[in-house]
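Reader: Please take a close look at a single part of this model, and then follow how its surroundings are packed.

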Amino acid sequence: MVDLPALAQGYARDAVERLAMPPLSSLDDAQREAAQALIEGPRKGVYGPFLPLLRSPALLDRVARLGEYLRFDSVLDARIRELAICVAARHVSNQFEWVMHAPLAVKAGVSPEAIEALRSGSRPRGLARDEEDAVDFAQEVLSRHGVSDITYSSALARWGEQGVVELTTLLGYFTMVSWLMNVGRTPAQSGAAEAGIDAFPL
C-alpha cells in the first residue's frame, strides 16, 4: 500500500500548518489529561481540530463532548448526519473533514455520485427525499444563516423538533471546527485515499 502524503489545508502558496501537535515534552498536565481522554474515547487519538484545541484543554474537552454526541448519539440517521457534514465541509473548504466524512457518507448509504457532485461544488441529483431535505436545510443555513418556512416545515415533519435542533447544531459544530482547522491549516490525516477538495473559483 502506498503511503499517501497528507492533503494540506489552505490554498496559499507554500501554506504550512500553524497549530500543529505540540511536542509531548511541552504539554502541561491539563493538556495531557485532555489528550488522554480523546485517546480513550471513541476517537482513539488526537487529530484534526483537537490539535489546535490542545492550546485550550478545557475548551477541547467541551468541544469533544459536543462532537461525540452529534456524531455518535444524535437522533438523526448516520446517512443524514454524514451528508450534512459533507455539505458543511465543502461550504468552508476544509480538507480534514471532507476526507474523513465523504467515505463515511458513502458507507452510510449516500451515493458516490452525490458526494462527487458536492466535492465539485455542484448540487447533487437523484437524492432520496430525506437527503434532499437535509441538503436544502444545510445549504440554506450555511448560506443564509437561517431557513425559510417551507424548508423548516419539511425538516420538522421529517425529523421533529429535536432533529431540527440537532441538525442545525451539527452544521454549526462542523463549521466551527472547520474554521479552526482552516485558521490552523490543519491537514487531512495522512494516508487518506479520498480525493480532497479544491478551492472554489474566485
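Author: By class, the lining of the largest cavity comprises seven nonpolar, one polar and three charged residues, where Ala, Val, Leu, Ile, Met, Phe, Trp, Tyr, Cys and Pro count as nonpolar, Asp, Glu, Lys and Arg as charged, and the others, Gly among them, as polar. This is a predicted model, in which local features need pLDDT of at least 70 and side-chain atom pairs count only at pLDDT 80 or more, while totals for chains, interfaces and linings use all residues. Residues are numbered from 1 along each chain as its sequence is written, and side-chain values use heavy atoms, with hydrogens and water left out.

The lining is made up of R43, Y47, P49, F50, R71, F96, E97, M100, H101, Y173 and F174; a cavity here is a set of points, on a 1 Å grid over the protein atoms alone, where a 1.4 Å probe fits but cannot get out, and lining residues have an atom within 4 Å of a point. The largest cavity holds about 110 Å³ of space, and the count comes to one cavity of 30 Å³ or more, with grid points joined across faces, edges and corners and the volume taken as the space filled by probe spheres set on the points.

Helices α5 (95–108) and α8 (149–184) each supply at least two residues of this lining, and α5 gives the most, with four residues; helices are DSSP runs (H or I, at least four residues) numbered from the N terminus.

Helix α5 also packs against α4, their axes coming within 8 Å and crossing at roughly 150°, where axes are lines fitted to C-alpha atoms over the stretch in contact and angles run from 0 to 180 degrees between N-to-C directions. The two helices are therefore roughly antiparallel to each other, a term for angles over 145 degrees, just as those under 35 count as roughly parallel. In this contact (heavy atoms within 4.5 Å), the α4 residues A78, R79, E82, L83, I85, C86, A89 and R90 meet E97, W98, H101, A102, L104, A105 and A108 in α5. That contact has ten nonpolar, one polar and four charged residues.

The axes of α4 (residues 78–91) and α6 (residues 112–119) come within 9 Å and cross at roughly 20°, which makes α4 roughly parallel to α6. Here L83, C86, V87 and R90 in α4 meet I115, L118 and R119 in α6, a contact whose residues divide into five nonpolar, no polar and two charged.

Methods:
Angles under 35 degrees count as roughly parallel, over 145 as roughly antiparallel, 65 to 115 as roughly perpendicular and the rest as oblique. On a 1 Å grid over the protein atoms alone, a cavity is a set of points where a 1.4 Å probe fits but cannot get out, and a pocket is an open set with protein on both sides within 12 Å along at least five of seven lines; lining residues have an atom within 4 Å of a point.
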